[in-house]
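Visitor: Hi, I'd like to walk through this one with you. Could you point me to a residue to begin with?

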Amino acid sequence: MAGIFSGLEKLGLGNIGKGDLFEDPKKKETPVKKEEPKKKLQLVNEEDYLYDKKYKCPVCDSEFDAKTVRTGKVRMKNVDIDLRPDYDELDMTKYDVIACPDCGYAALGRYFPTLNKYQIDDIRIKICMNYKKLDYKEPTYSYEHARNLYQLALANAMVKKAKNSEKAYICLKTAWVIRGETQRLDPAEAGYEEKKAANDAQEKELLSNALNGFVMARQSEEFPIAGMDASTLDYLVAALAVETEQYDIASKMISELLTSRVANSRIKDKARLLKEMMADKQS
């Protein structure tokens, strides 16, 4: 798991991430078509698609601004097999983490305001007291900065003992950020092959972690899980299994989707495409 958390040292949080990322529900008492890399894209005036949104930190009560995408101005051109949306104008996934610049609390937007007292106490002790402030003043997020924010969100998720689904979702979206960066690498630049190979390896590790987390969440959490109904999550699990070449899991989930009485026709069509893709990869 070192690769996922590599770099947290510069934020003062190098001690985070040494344990298991996900909590296996079996160890507890029972509780009640990915695109090929493209040539570098020219993101013209990315700043024009952003605005500063105000937030209040639930941990330290400070108010701050975070970059947010003007969703009505961007156009989705493609959806990868693992449900990553791809837009013409910019990579929206870079801006999905909300991070307090004062205390180091960070989370995906859907989870940012929901903390209980015990989680706040743990974050104050294990994150805030060790956090080295990120001094980032650029008008848009670089991929390096976006990765830092996602690492910070995952560290916070571990400290606050977030649900497996939240940690899996962070892993998934971090993989999407890395994929977006890879798409925008210039094959003509020196070191392209090495950078691409490193990104591909990191992306696959994150996708594998996301798969493990969502499988555990499916066994122990109530729907909706990370905003997904059962059919959507089952499809995502199948897609992640195909991407990470865990074909036994993929075959099981695809079969369940195709015979499901509740999965809609759109999901079943996507499952059939996954089945064809898996057959091609195994041939």
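**A buried glutamate**

Guide: Let's begin with Glu46, which is buried, at a relative accessible area of 9% (buried means under 20%, exposed over 50%, partly exposed in between, with a 1.4 Å probe and protein chains only). This is a predicted model, where local features need pLDDT of at least 70, side-chain atom pairs count only at pLDDT 80 or more, and totals for chains, interfaces and linings use all residues. Residues are numbered from 1 along each chain as its sequence is written, and side-chain values use heavy atoms, with hydrogens and water left out.

Visitor: Thanks! Where does Glu46 lie?

Guide: Glu46 sits in the loop between α1 (2-5) and β1 (50-56). Helices (H or I, at least four residues) and strands (E, at least two) are DSSP runs, numbered from the N terminus.

Visitor: And what does Glu46 touch?

Guide: Leaving out residues up to four places away in sequence, Glu46 touches Leu90, Lys94, Tyr95, Thr140 and Tyr141, where contact means heavy atoms within 4.5 Å.

Visitor: New topic: which residues of α8 are buried?

Guide: They are Ile267, Lys268, Lys270, Ala271, Leu274, Met277 and Met278. Their cover includes α6 (230-243) and α7 (247-258).

Visitor: How many residues are in the largest nonpolar core?

Guide: That core has 88 residues, and Tyr105, Leu172 and Phe214 have the most contacts inside it. A nonpolar core is a set of buried Ala, Val, Leu, Ile, Met, Phe, Trp, Tyr and Cys residues joined through side-chain atoms within 4.5 Å.

Visitor: Which helix gives the most to this core?

Guide: Helix α3 (residues 143-159), with eleven residues.
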